[in-house]
Amino acid sequence: YWSGHNERCRNFGEKCKHLFGQGRQSTSYIAQFFFGLNAVDLIKKRKQINKSKEVVQAAIVAMKYAAANSAWNFTNKLRLLEAEQVAHTRTNHDRASILYEASIKSAKRSGFVHEQGLACEKAAFYYQRGRNYQKAREYFQQARECYQVWGSSIKVAFIQKELDGLNPDALPVSAMTEAVHIKIGTNSL
């Protein structure tokens, strides 16, 4: 999952799915968490949408159970899955923002710097899709810092590439048009 190979992750998850929830072991829940995140990514890429939605929902149900029994280990995972689900449907921006932030804070409290970085990365992509480049930059920078602490040079390089691709002055086209009108003193074209 970490290297972005969604199809490989899906295939592996399908092969291991029979182990999910078996014996209620934390490793099983963690695998289901990543399988659920991967399913969200596949939905975004418009691949196996119906099947992937089922996987995401099953992962959320599993994370709710796991978080009820071990909040310090699973609350951040639950909140990130929920944030990704809400963010994909684009139905409630405020809710997605709150869930991303809750995941980041929970991962930080639990000392899961890699999962804190992952939540920051996912939040950054969310804001980037919404053309809020300032927020995207902030979250990408936080993700990079987390991945540096974690020691993943591959993830640091990946995030740096995303940061380099963000124009610091980038505004959505409508905002640029408004800025031009304000600057030249007109209210319409």
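Reader: OK, which residues form one aromatic cluster?
Author: Y100, Y126, Y127 and Y139 do. Keep in mind that this is a predicted model.

Reader: How are the rings of Y127 and Y139 arranged, stacked or tilted?
Author: They're stacked: the ring centres are 5.6 Å apart and the planes sit at 0°. For a pair to count as stacked, the planes have to be under 30 degrees apart.

Reader: And where in the chain do those two come from?
Author: Y127 is in helix α6 and Y139 is in helix α7, 12 residues apart, so the pair links distant parts of the chain.

Reader: Are Y127 and Y139 buried or exposed?
Author: Buried, both of them.

Reader: How many aromatic pairs does the structure hold?
Author: There are 10. One of them is F125 with F158, a tilted pair, because its planes are at 50°, with the centres 6.3 Å apart. That pair also links distant parts of the chain: F125 belongs to helix α6 (residues 113–129), F158 to helix α8, and 33 residues separate them.

Reader: What does F158 count as, in terms of accessibility?
Author: Partly exposed, because its relative accessibility is 35%.

Reader: Switching to helices. How do α7 and α8 cross?
Author: Helix α7 (residues 133–150) and helix α8 (residues 153–165) have axes that come within 9 Å and cross at roughly 165°. That angle is why α7 counts as roughly antiparallel to α8. The crossing is left-handed.

Reader: Which residues meet there?
Author: On the α7 side it's R137, F140, Q141, A143, R144, Y147 and Q148. The α8 side brings K155, V156, I159, Q160, E162 and L163. Taken together, the contact has 6 nonpolar, 3 polar and 4 charged residues.

Reader: What about α4 and α6, at what angle do they pack?
Author: About 15°, with the axes of helix α4 (residues 71–89) and α6 11 Å apart. So α4 is roughly parallel to α6. Their crossing is left-handed.

Reader: And which residues in α4 meet α6?
Author: N76, K77, L80, E84 and A87. Their partners in α6 are E115, L118, A119, K122, Y126 and R129. That contact divides into 5 nonpolar, 1 polar and 5 charged residues.

How values were computed: Residues are numbered from 1 along each chain as its sequence is written. This is a predicted model: local features need pLDDT of at least 70, side-chain atom pairs count only at pLDDT 80 or more; totals for chains, interfaces and linings use all residues. Side-chain values use heavy atoms; hydrogens and water are left out. Axes are lines fitted to C-alpha atoms, for helices over the stretch in contact, and angles run from 0 to 180 degrees between N-to-C directions. Helices (H or I, at least four residues) and strands (E, at least two) are DSSP runs, numbered from the N terminus. Angles under 35 degrees count as roughly parallel, over 145 as roughly antiparallel, 65 to 115 as roughly perpendicular and the rest as oblique. A crossing is left-handed if the near helix is turned anticlockwise from the far one by less than a right angle, and right-handed if clockwise. Contact means heavy atoms within 4.5 Å. Ala, Val, Leu, Ile, Met, Phe, Trp, Tyr, Cys and Pro count as nonpolar, Asp, Glu, Lys and Arg as charged, and the others, Gly among them, as polar. Rings of Phe, Tyr and Trp (its six-membered ring) pair if their centres lie within 6.5 Å; planes under 30 degrees apart count as stacked, over 60 as edge-to-face and the rest as tilted. Buried means under 20% relative accessible area, exposed over 50%, partly exposed in between (1.4 Å probe, protein chains only).
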